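Please look over the sequence and the model below. The report that follows takes a few parts of the structure one at a time.

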Amino acid sequence: MENKLEKIVSLCKRRGFVFQGSEIYGGLSGVWDYGPLGSEFAHNIKELWWDHFVRSREDMFGISSGILMPESVWKASGHMEDFADPLVECKKCKKRFRQDELDEKKSKCPECGGELSEPRQFNMMFETNGLYLRPEIAQGMFVNFKNVLDTMRPKLPFGIAQIGRAFRNEISPRDFLFRVREFDLMEFEYFVNESDWKENFENWRKEMWVWIEKAGINKTMVNELEVAKNDRAHYSKRTIDFEFDFPFGKKELYGLAYRGDYDLSRHTEHSKVDLKYSDPVSGEKFIPHVIEPTFGLGRTILAVLLSAYYEDELGGEKRIVLRFNPQIAPVKIAVFPLVKNKENVVSKAREIFVTLKKKFGAVDFDDNGNIGKRYRRQDEIGTPWCVTVDYQTLEDDTVTIRDRDTGEQIRHLVNELENYFAEKLA
Ligand code: GAP
């Protein structure tokens with residue numbers, strides 16, 4: 001299984017999905033850069049998430065808040081005090097470790113066997129000139145609670161959602177995109193009447209499974225874990241982790257937390273601004289409670305890659321294939337001229353490519369090497385369909401469409417291609 005992760009890291013680099021941050025300067029630990037295919041892929045996942053949880057619903061309001069927030073926010077949220085991991089340092093090689101991640105031989109350095117220091121609580125927030133790079137995006141939703149109330153006049157229950165970057169000074173970043181120092185989060189705070197929290201918690205629990213399936217994450221590799229009180233974040237009254245069976249162990253993919261009225265009460269107290277909701281029927285004023293489903297984008301990408309990666313044989317040839325859900329595939333369609341040196345075949349292929357690109361955006365043109373090699377290259381990046389223009393095209397205006405998963409080829413009229421793919425991608 002470890003091997004599968006190495007293969008995916010290598011594929012990601014080779015095909016332009018993910019590169020080590022600042023690679024030409026030796027690489028920066030805990031930072032990964034998304035290349036042309038990776039950023040398209042990430043963009044598609046964010047788009048799908050936003051469509052699913054925000055645009056298609058009447059009770060969700062999207063925002064995009066600042067990455068920099070002042071100390072006062074983090075004092076109120078409890079992050080100044082509680083957002084810390086136990087750090088131990090090797091007295092010999094000076095390497096740092098998270099004490100809770102070391103195995104039984106806790107007293108010795110796992111790298112050089114040296115003696116380890118006593119643990120100290122290490123706060124993971126990045127400070128910059130008295131401001132902080134947000135370690136979670138949730139506070140952006142809480143500090144804008146009143147703004148959304150005043151401008152949109154929502155009725156309970158309703159949610160405030162955002163997608164954005166968070167920064168954490170992880171003691172030991174590791175496992176590719178799993179534990180990094182900056183990452184995108186897709187998250188919402190769902191505000192409810194206290195008496196309804198259990199029902200809403202259960203509802204979002206089910207909805208998270210719907211998303212898992214929609215994103216193309218293998219459900220059989222996901223399990224729920226009820227997080228024990230001692231292991232929960234300081235703000236949470238109940239947490240369920242959605243764990244994924246990563247090659248390095250079952251680890252948190254997503255989280256679902258019941259934050260009670262902790263955040264809005266703390267911000268009311270610290271900012272002295274009234275953050276109560278006023279019930280339009282009863283006139284009762286109260287601080288709503290919060291259910292928070294949270295989705296890390298990098299971990300989603302890694303789980304989707306691990307779910308979609310296959311090595312199989314098609315037509316007697318070995319191949320690597322990423323069986324992505326077409327909606328999130330970074331390239332939707334690849335167009336090939338069967339031959340490179342016949343001008344009318346090439347110009348017809350270019351014409352089809354330009355039309356499809358205008359409509360679908362993520363379309364490739366490839367005239368390099370034999371057709372088999374071109375299929376292999378597209379399979380490896382998860383392109384669902386390849387369109388080939390051949391001599392017959394010039395006679396009857398049809399092309400072949402080849403399916404990534406089955407290898408099946410059908411002939412289709414050129415002027416019906418747009419509809420064909422639009423339907424497939426709907
Ligand atoms: N607002 C709640 C919150 O931030 P969290 O469990 O600390 O909760 C949310 O983080 C999600 O962010 C996690 O479920 C995980 O998907 C992702 N995540 C957390 N730390 C990460 C890291 N160092 N690298 C990559 N993703 C991370």
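## The largest cavity

In this predicted model, the lining of the largest cavity divides by class into 6 nonpolar, 1 polar and 3 charged residues. The lining residues are W32, Y34, R165, L177, V180, E182, F183, D184, L297 and G298. Of the elements, β11 gives the most, with 3 residues.

The space in the largest cavity comes to about 110 Å³. How many cavities of 30 Å³ or more does a search of the whole structure find? The search finds 1.

## The second largest pocket

The second largest pocket holds about 230 Å³ of space. Its lining is made up of 13 residues, and those that lie nearest the centre are L149, D150, R153, K276 and S278. The elements that give two or more residues to this lining are α6 (145-152) and β15 (277-278).

Which element gives the most to the lining of the second largest pocket? That element is α6, with 4 residues. By class, the lining of this pocket has 6 nonpolar, 1 polar and 6 charged residues.

## Serine 77

S77 belongs to helix α3, which covers residues 71-77. Is S77 buried or exposed? The relative accessible area of S77 is 1%, and buried means under 20%, so S77 is buried.

The side chain of S77 has two polar partners to look at. One is the backbone oxygen of W74, which the S77 side chain reaches at 3.3 Å. The other is the side chain of H79, joined to that of S77 by a polar contact of 2.7 Å. When neighbours within four places in sequence are left aside, S77 is in contact with Q139, H234 and Y262.

## Helix α7

Helix α7 runs through residues 197-215 and has 19 residues. What span should these residues give at 1.5 Å a residue? The expected span is 1.5 Å times one less than the number of residues, so α7 should span 27 Å. The end C-alpha atoms of α7 are 27 Å apart, which agrees with that value.

The buried residues of α7 are W197, N200, F201, W204, M208, W209, W211, I212 and A215. Just after α7 comes G216, which takes a positive phi of about 90°.

Key. Residues numbered from 1 in each chain as written. Predicted model: local features only at pLDDT ≥ 70, side-chain atom pairs only at ≥ 80, totals over all residues. Heavy atoms only, no water. 1 Å grid on protein atoms, 1.4 Å probe; cavity = no way out; pocket = protein on both sides within 12 Å on 5 of 7 lines; lining within 4 Å. Points joined across faces, edges and corners; volume = space filled by probe spheres on them. Nonpolar A, V, L, I, M, F, W, Y, C, P; charged D, E, K, R; others polar. Buried < 20%, exposed > 50% of the residue type's maximum accessible area, 1.4 Å probe, protein only. Polar contact = N/O pair within 3.5 Å; in protein donor to acceptor, adjacent residues only side chain to side chain. Contact = heavy atoms within 4.5 Å.
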